[in-house]
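Open the model in your viewer and keep the selection tool ready. Each stop below says what to select and what is found there.

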Amino acid sequence: MALALTGVALSALSPSSVAQQSAKVPPDPPPTPKQVERGKQSFAIHCSHCHGMNMVSAGDVTYDLRQFPHDQRERFFESVTNGRNNRMPPWGDVLSQDEIADIWAYVLTGGKR
Amino acid sequence: MKRILMAAAIAAVLPFAAQAQTDQQLVKGASDTKDVLNYGMGYNLERYSPLTQINKENAKKLVPVWNYSYDDNRSEESQPLVYQGVIYVTTNSATMAIDAKTGRQIWKTKVEYPPETPRIVCCGIINRGAALYDGKVFRTTLDANVIALDAKTGKEVWKQNAINFKDGYSMTVAPLIADGVVITGISGAEYGTRLFIDGWDAATGKHLWRTYTVPQKGEPGGDTWPGDTAQHGGGSTWITGSFDPELHTVYWGIGNPGPFNAAVRKGDNLYTDCVLALDPKTGKIKWYYQFSPNDPFDYDSVAEMVLADIKVKGKPTKVVMDANRNGFFYVLDRTNGKLLAANAYVNVNWAKGIDMKTGRPIETDVIAKARAGEKVDLWPSILGGKNWEPIAFDPKRGLAFANTLNMGMPYKAIPADYKAGEMYLGMDLTQGWIWPKDKNGKDAPRGYLKAIDPLTGKAKWQAGSDMPRFSGVLATAGGVVFSGRLTGEFEAFDSDTGKRLWSFKTGSGIEGQPITWEQNGVQYVAVSSGIGGVYSLFSGDERLKDIPAGGSLWVFAVQK
């Protein structure tokens, strides 16, 4: 009995559910071409004035999103939703999680599309 | 005994005079070589110094005197001011007073703004400088506040909010003090805002007047906007105006209309891309001249409107001149706005010239196609023939020195929907730039520091650079022109020939505005180093990866 309860308690604290509580990350289907195109235009309007046109940001000035690890989706959602390091502004009150997912789909292209 | 008493008497008087910059001092700023009291080195914005101690022969012996760290890694575009041996300079996040001789910090007052602020700052997390008056230092902030600090202590005297920044309003501009009024502009034409110029009481911060640069229906010029498009018409005002105290007129450059997509707003779209002549006490518009009617190309005329007295057709004339974003160098009569000259100073393909009778551009099919929604190759690009980086004018040589851009861009208008706080452009931002090539197909210089004859637009000499220069220019009577490169070199050129006389490599790219002054018999030159502005944000130039950020102030003098 005690072991089963412990098992339930442990799974409730698994990393993925903790992450879901902090940034409400939507489920993770592969991006569609339409999503990538929406993300590209959304990136142009919201992000390019700091992160560069077509994600090309070669210098020290702003994070180069072409280098962003493609397996750190939660980190991306967290940074965009809540801001980071007192430099990256928060967007959680302006962009929905679906809109951030569109931009993430574009980031996954490395700016190559 | 008498001499000691005299000295004591003077010393007793000095502290009272020490911090109280007066109207008269600001008016004489351009010839006050011991100080730098004005943005642009004088109310005329000529950025010209009468000092001759640094000259063509000894400029090669310039050495650093001291360096001061801003503890800031954004673009450093500020122009420092100097008053009685104290330098006043700004960054996006602080205002500082520094001992001009030793480089030691006297005080530093931080500026805090909400973390969401960079969402609505289009073109660099910056500040362009302060203003001095009556013992106070005035500056603006990115979240649209105007602040007055005590010049001695840095303590806040008053703070006024111009408008809630969240819908896209931001301030980077150095204020202008004219006739005792603190005058500020504002940014945000990319965000579907409707912009303005404000006048504030210097002593109390009381708001005195606001002049909108885009009129409503029923107001003069209101019929140049269809429907309610004026509500999102832009008309930014983020470069400090010039002031003619005799004519009692302030000249302010006005920025682009919004959205970029011109089909949305058929009509001339006054007063976007204009110069306005204003009364500083009331903000009332005396006259205007429009450089680019119904502009699709972000050809901001928000720029330094330089005042000079030059001979036009043999007659001494009071003029205002502008190396316009649209690629033409304009000279107007500043008493009445009459167009005197307008000539291309860079490669231009959207207009054949400017009609001298009507003052309007003689447009080509490039702009017609662009308005109709077709994709065109545009010269100059939306960054213009020259961007924000200010020119200098040498009144003795009659030459304007400008950091010009040599780049085009593929332009296509797309549909735009207005959403508060978001960019409202209606232009495809994914098409990149057209970089110049020489006749062998190799990369040509993307920018030239040019010595331009204002009445013809022709360059007497030019100094090219791989990446364009985005730094201000300084000209001196000693025959030396100073400017800085994005790769970090601060350079001196012979004003007459363009020969490079000296260069010093600073730690980051230079986007600052150089100044010069004389203290205890020595002429100093100062400039900020610190990359992070428009070219590093938008160009996609991979060479930028080898230019580190890091802001600091450098001061130089000729080695004895």
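Start in chain B: select β2(B) and strand β37 (residues 552-558), which pair in the antiparallel sense over 7 bridges. Two strands count as paired if DSSP finds at least two bridges between them. Helices (H or I, at least four residues) and strands (E, at least two) are DSSP runs, numbered from the N terminus. Within this pair, B:N67 stands opposite B:W554 in β37(B).

Before going on, note that this is a predicted model, in which local features need pLDDT of at least 70 and side-chain atom pairs count only at pLDDT 80 or more, while totals for chains, interfaces and linings use all residues. Residues are numbered from 1 along each chain as its sequence is written, and chains are lettered from A and ligands numbered from 1 in the order in which they are written.

Now widen the selection to the open sheet of 4 strands in chain B, whose order is β2-β37-β36-β35 with antiparallel pairing. At the edges stand β2 (62-69) and β35 (515-519) of chain B, each with a single partner strand, so one side of each has no neighbour in the sheet. On average, neighbouring strands of this sheet are turned by 25° against each other, direction ignored; the axes used for such angles are lines fitted to C-alpha atoms, for helices over the stretch in contact, and angles run from 0 to 180 degrees between N-to-C directions.

Next, select strands β5 (residues 94-99) and β6 (residues 105-110) of chain B, an antiparallel pair with 5 bridges. They form a hairpin with 5 residues between them, and B:G103 in the turn has a positive phi of about 80°. Click on B:A94 as well: its bridge partner in β6(B) is B:K110.

Move to chain A, which has 6 helices and 0 strands.

Which residues of α6(A) are buried? Select A:I100, A:A101, A:D102, A:I103, A:W104, A:A105, A:Y106 and A:V107 to see them. Because 8 of the 11 residues of helix α6 (residues 97-107) of chain A are buried, the helix is largely enclosed by the rest of the structure. Its buried residues pack against α3 and α5 (73-82) of chain A.

Select α3(A) next. The buried residues here are A:G39, A:K40, A:F43, A:A44 and A:H46, and their cover includes α4 and α6 of chain A.

Show both chains together for the interface. The contact takes 20 residues from chain A and 26 residues from chain B; two residues are in contact if their C-beta atoms, placed from the backbone, lie within 7 Å. On the side of chain A that touches chain B, the elements giving two or more residues are α3 (33-46) and α4 (48-51) of chain A. The largest share of that side, 4 residues, comes from α3(A).

The last stop is the largest nonpolar core, with 192 residues; B:A131, B:L132 and B:F401 have the most contacts inside it. A nonpolar core is a set of buried Ala, Val, Leu, Ile, Met, Phe, Trp, Tyr and Cys residues joined through C-beta atoms within 7 Å. The element that gives the most to this core is α6(A), with 7 residues.

Conventions: Buried ≥ 20, exposed ≤ 12 C-beta atoms within 10 Å, placed from the backbone.
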